[in-house]
Amino acid sequence: IEKQPAFLWHGGMLLDNTRMQISFMKDLATMRDPTSPFTFLNYLHTNNRLLQFLNLGSFYPFRVEFNDYLQWCGKHFDKFCHYGETVVGLEPVELEDGTVEKIKVTSVNDATKETSVRVAKKVIVAIGGQPMYPSFAKELVNHPRVAHSSQYIYRHPVMLPDMEASYRLAVIGSGQSAAEVFYDLAQKYPNAQVNLIFRDSALRPSDDSSFVNEIFDPDARDGFFRRTPEERQQTLARNKATNYSVVNISLIEELYNMMYKQKLPGNEGKPKHLLRPGNKVLEMTATGDKVTIKFEKQYDVACCGELVEPVCNNRLMQYEESFDAVIVATGYQRQTHLDLLQNLDTCIAKDATTSQPIVDREYRIVTKPHVKAKIYLQGCCEQTHGLSDTLLSVLAVRGAEVADSLA
């Protein structure tokens, strides 16, 4: 049961010329069974592009191509899929003696509003991350001049219909998505001035070195799972630079080149795109067709071509600027599954400290003795299974583990 009307992988960020950041061999099957018909290589062979892909000399497919590969795999299972339905509830089905052997799954067809009820002995909850809006942006979630990066492809043509206009644009964030959106806007709108606003003192490169990358190996989950909650948190913090608030080094270099070219002769009078490090957003308000951002900026952090004179407040400076549109690229939160599991509270064992469902090594939620039905979580177990949980790295192997556990 899938909410989207058809399979689509990160549709809002399928930008032109962007590539995957992991090897094509970390597809849906290769790490589990390289002879599977569902490998990326077989997809290329089936679509008569294998030799041409090899000639590219790259392990990293274009993102639109990998989405097409995933759709190609998904079409083999269309008869088992119910697209365009939103699951609105999970409830226990109790026998007379109180035993729960099945779960009732209620969903609503988004087009017809028709309600469907299914009963299953085994349920896998894999709803992914939801866009995270910082507190300063929550009042403007539905504003026509504000969008989350997850909706960028769909929203920017509506927000910014004139490709030649002299827009003032803001992108908030310091990770890969923020950098990609900043670069894309700078290319698409030649007369706009695009600002990349973030709290850190500089864009940080992602660490994809060979030894560090071993944390994404399937076997690494075993060691992570055996650690105490405190040790897990320390490990996640230590390896944060592999995935959070970091940017691929090649994109950082491309951005630096872009910023440098603005200083060359012949660019006088043209809009200057700005990296705005050291800026904390305090609040965001909308007036008419403008969005005003109030900043707090450190004195000692350089800013490329600052445009305004901030008001001094001890060591910090506060100031405001208005923009024609704002893209919030502040990541995702993975808590929505908890709402879906609320009606199963009497069935689920929870951690006494965090009140989170306890999940075993096979991603199954630990249930109370009277519950025989099996409930699994996918993509929201980073705290117990490590950084790879939300990524493609272990997808093939993890799928096999869950399938074996279902038997």
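Predicted model: local features only at pLDDT ≥ 70, side-chain atom pairs only at ≥ 80, totals over all residues.

A: Residues are numbered from 1 along each chain as its sequence is written, and side-chain values use heavy atoms, with hydrogens and water left out.

Q: How many disulfides does the structure hold?
A: A disulfide is a covalent bond between the sulfur atoms of two cysteines. The cut-off here is a pair of cysteine sulfur atoms within 2.5 Å. The structure holds zero disulfides. C347 is in none, and its nearest cysteine sulfur, that of C380, is 18 Å away.

Q: Is C347 buried or exposed?
A: Buried means under 20% relative accessible area, exposed over 50%, and partly exposed in between (1.4 Å probe, protein chains only). C347 has a relative accessible area of 0%, so it is buried. Of the 407 residues of the protein chain, 43% count as buried.

Q: What is the strand order in the open sheet of three strands?
A: Strands are DSSP runs (E, at least two residues), numbered from the N terminus, and two of them pair if DSSP finds at least two bridges between them. The order is β1-β2-β3, with antiparallel pairing. β1 (85-94) and β3 (115-120) each have a single partner strand, so one side of each has no neighbour in the sheet.

Q: How many bridges join β1 to β2?
A: Nine bridges join β1 to β2 (residues 100-109). G89 stands opposite T106 in β2.

Key: Helix = DSSP H or I, 4+ residues; strand = E, 2+ residues; numbered from the N terminus.
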